[in-house]
Amino acid sequence: MRSAAGLLAGLVAVAAAASGIAVAASPVREVTSPAGVRAWLVEDHSVPLFAIHFAFMGGSAREPTGKEGLASVLASMLLEGAGADDAAAFKERLAASSVRMGFTASRDAIVGTVEGLTRRREEAVALLAAVVGTPRLEDESLERIRARTLAELAFADRHPRSIALNDWYARAFAGHPYGRRAEGTPESIAGITRVDLESFRRQLFSRASLRVVAVGDIDAASLGALLDRVFAGLPVELAMAPPRTAPLREDAGVALVDRDLPSAIAIFGLPGIPASHPDYFAQLVMSQILGSGQFGSRLLDAVRVERGLAYSVSMAPLDDGYASLLLGEVETANDKAAAALEVIRRTLARFAAEGPTEEEVARAKRYLIGSLPLGLDTSVRIAETLLAARLAGHGPDYIRERQQAIAAVTRDDVDRVAARLLQTDRMIVTVVGRAASSR
Amino acid sequence: MSGMKLTSSAVLRSRAWLGLVALVLTGTIPASAADARARHFTLDNGLDLVVIEDRRAPVVTHMVWYRVGAADDPVGKSGLAHFVEHLMFKSTGRLASGEFSRLVAGLGGNDNALTSHDSTLYYQRVAREHLATVMALEADRMVNLRFTPEEVAIEREVVIEERRQRIDASPLNVLSEEINAALYRGHPYAVPVLGWPHEIMRLDVDDARIFYERHYAPMNAIIVIAGDVAADEALQLARASYGQLPRRESPTVSAPSRLPEPEHGRRIVRADMRVSAPTFYRAYSVPGAAGATGHEAEALEVLTRILAQGETSRLHGRLVREGQLAVSTEGGYRGATREAQVAIYAVGARGVEPDRIESGIDAAITELRDHGVTEAELERARNTIEAKHAFDSDSQLSLAMRYGEGLVSGRSIASIEGHGARLAKVTREDVQAAAARYLAPGRAVTGWLLPAEADARSADGTQAGERDR
């Protein structure tokens, strides 16, 4: 069963093994390159594709004050030429070899993805090594990215969901880097220079901050060579201090952003439980029952199915590196927003008081355990899942541990977590819409 | 369906065709062998079954495609096909309202549904051992839906909310709806899938029931299963579930009303306070794979990529990198069905007049029509499309989607699996010919979204251009 295709199947079998059934060794291997760069590998040769996903831990939350958006601009600039190639030449090489390469910045990391056909792997490695080692970061590209970023900011400023999320984060995390706008402000974006990019990159790109996951048609020896060629030249230590843990402001309350829009959107949130805490999985089961957004979830049934107040409503745990939340959203007609929020509050309060039924807990657990393998059906999805697990601090056995931990959650666990978390008077809410009708 | 609606004899013909293909597949296969993987069966009651084995993970994707969609909405009852899709999650004789999805989630599965102009799709993704269960559930709601007035009334509110959230909340989607209405004037595609609000509000329980009884039957459905199941086993399971439903003659469907060849380009300009930068959105009416001959669809696919997709495209080079007229450009060709569009999109740079942006786009298109593309561009486009195809094939959902979308549009499995071979045939001349023929000004509807100034607001607070919504 060590056939190549078996490994991918093996990973999914691990995921599928419910209720603590012991499974042989995880098919996720830890690989260390000759020069000492480490990675997780899921080897599977059944399709001639590979996916390398990696992160430098440290994102917008570590930007200097006044330079908001720097991480995001840097992520865009990484595709703007490297080594001997200017932006146009670099993009032509990417397209000609059909290598998919992308970079995104979040609050806590810059994530890179490289995916391609096996027969183009050499070219992919050469391009990636140039980006990580010697990105061009040229002024001409910077001006283009700046113009695009400003246009995106202007768009976001008129986009109800972005307005709501920005307001929610600004109030919930006032005084912490998480409260700043991750994508920057027009003023901060206008002030970003090539020197800022170079300095942020030098502080962030290090072997200490690096996490790598490789999936697909690549063996350990080839991966080792790849890791050395791309990453071995980076500084060993991280030169950047992590931000402090971010507590939610207790006094944030409810805010209304008055906009003349055809519908209203509300973001609502509460403090959550971090992924490292033993009750994290009880929180996951609770959120599934309440806010999965699927039919049969409490919020959707109360708001949509029983009352037709909205098309969608959901709530999920969100574990950023330094803050843990339960964050929900509902979009509705202006004149139904107040009613929808009231139904949400009552539904959460009732759940805090009464807890779930045994049947709900069993069904949520079956879903959470059973649906995981559905999300592990392509190399890219496996790489995404494993990198997220790495960034959350889990080990290579995470998938099995997660399945067992969920299987072990009891109704009492969910009861306890619900009573603790669902204090609706502490709920932080932002509504974007017409003031008169949403109260 | 109507864009590619088949008369019943055409359905029979295409079935025979599919059967032949399945036989051929076991024998010698042409160059695109890597793609040839689906098997097709037809049950006695007329139901089509297509199985694509993918044994890598113990998971299956199960889809039911009905050959009915928004293009079949009766006049004055727009949104009905989509409304019935919503009602399919309500009570049947056996299941309570909402129980379908609760059961699937309880199995650890996901489910969803999707209505287009030509088809209505329901699908579940579950562990392989639950395939029989979801087949039984789908077979049940294919014929046993109850339609109570209460369920219908609440769901109508939900659909109105969905429309508000999906269309009205997005200026670009509002524009896109109007571009479609102009591009397909006089054709059912001109009416939005979600329907017009004033017509949705009048849909009632009888409308829904009549539509359902007319269109939901084994004869009018295609089951597509991709995943960890042998084709023969899937066939046994289908016989035990769908096979138990009685045969009912296929609903009489009208012959496809073809679009007239467009001759006069049109223009739609909207101003909206939510728009921050002038945004260009043009759609050309072109054939999709089910309406094209030879490798014309693939030539259009290559053309769109060279012209507008990604940062190596002509538009990005001319407008963003060189001219600094736009901050971003994109394009797309979604061509699985009979009628398709080539769409082009650009967000203007600060302070640049929309006229200059449009002139820049037109110049790039004229250059392409007059002088064609380079061999390097063709090669790059082909590589990118091949890679995308390979990545899509790696995903059960995309794979099942590719077959279902093709089959429901009346294409054969051989045609669907022949994509790579046709792509290889595309020459520079083909691409230029496609540009010359299809990117003609007369085939386009050009849309502009412009920022509205605050003082353009009318007294009652609504934006002038939106008053009728």
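The legends below describe several views of a predicted model with chains A and B.

Residues are numbered from 1 along each chain as its sequence is written, while chains are lettered from A, and ligands numbered from 1, in the order in which they are written. Because the model is predicted, local features need pLDDT of at least 70 and side-chain atom pairs count only at pLDDT 80 or more, whereas totals for chains, interfaces and linings use all residues.

**View 1. Chain A as a whole, with its 17 helices and eleven strands.**
Helices (H or I, at least four residues) and strands (E, at least two) are DSSP runs that are numbered from the N terminus. The radius of gyration of chain A, taken over C-alpha atoms, is 23 Å, close to the 22 Å that the globule rule gives for 439 residues, so chain A is as compact as a globular protein of that length; the rule itself is 2.2 Å times the number of residues to the power 0.38. Along its principal axes, the C-alpha trace of chain A spans about 60 × 55 × 35 Å.

**View 2**

**View 3. The contact between chain A and chain B.**
Chain A gives 52 residues to this contact and chain B gives 50 residues, where two residues are in contact if their C-beta atoms, placed from the backbone, lie within 7 Å. The largest share of the side of chain A that touches chain B, seven residues, comes from H5(A). The residues on that side of chain A divide into 28 nonpolar, twelve polar and twelve charged; here Ala, Val, Leu, Ile, Met, Phe, Trp, Tyr, Cys and Pro count as nonpolar, Asp, Glu, Lys and Arg as charged, and the others, Gly among them, as polar.

**View 4. An open sheet of five strands in chain B.**
The strands stand in the order S7-S11-S8-S10-S9, with mixed pairing, and two strands pair if DSSP finds at least two bridges between them. Strand S7 (266-272) and strand S9 (326-334) of chain B are the edge strands, each of which pairs on one side only. S7(B) pairs with strand S11 (residues 444-451) of chain B in the parallel sense over seven bridges, and the bridge partner of Asp272(B) in S11(B) is Pro451(B).

**View 5. Two crossing helices in chain B, H2 and H8.**
The axes of helix H2 (residues 80-87) and helix H8 (residues 205-215) of chain B, which are lines fitted to C-alpha atoms over the stretch in contact, come within 10 Å and cross at roughly 90 degrees. That makes H2(B) roughly perpendicular to H8(B), a label for angles of 65 to 115 degrees, on a scale that runs from 0 to 180 degrees between N-to-C directions. Leu80(B), Phe83(B), Val84(B) and Leu87(B) in H2(B) meet Asp207(B), Ala208(B), Phe211(B) and Tyr212(B) in H8(B).

Note on methods
Parallel < 35°, antiparallel > 145°, perpendicular 65-115°, else oblique.
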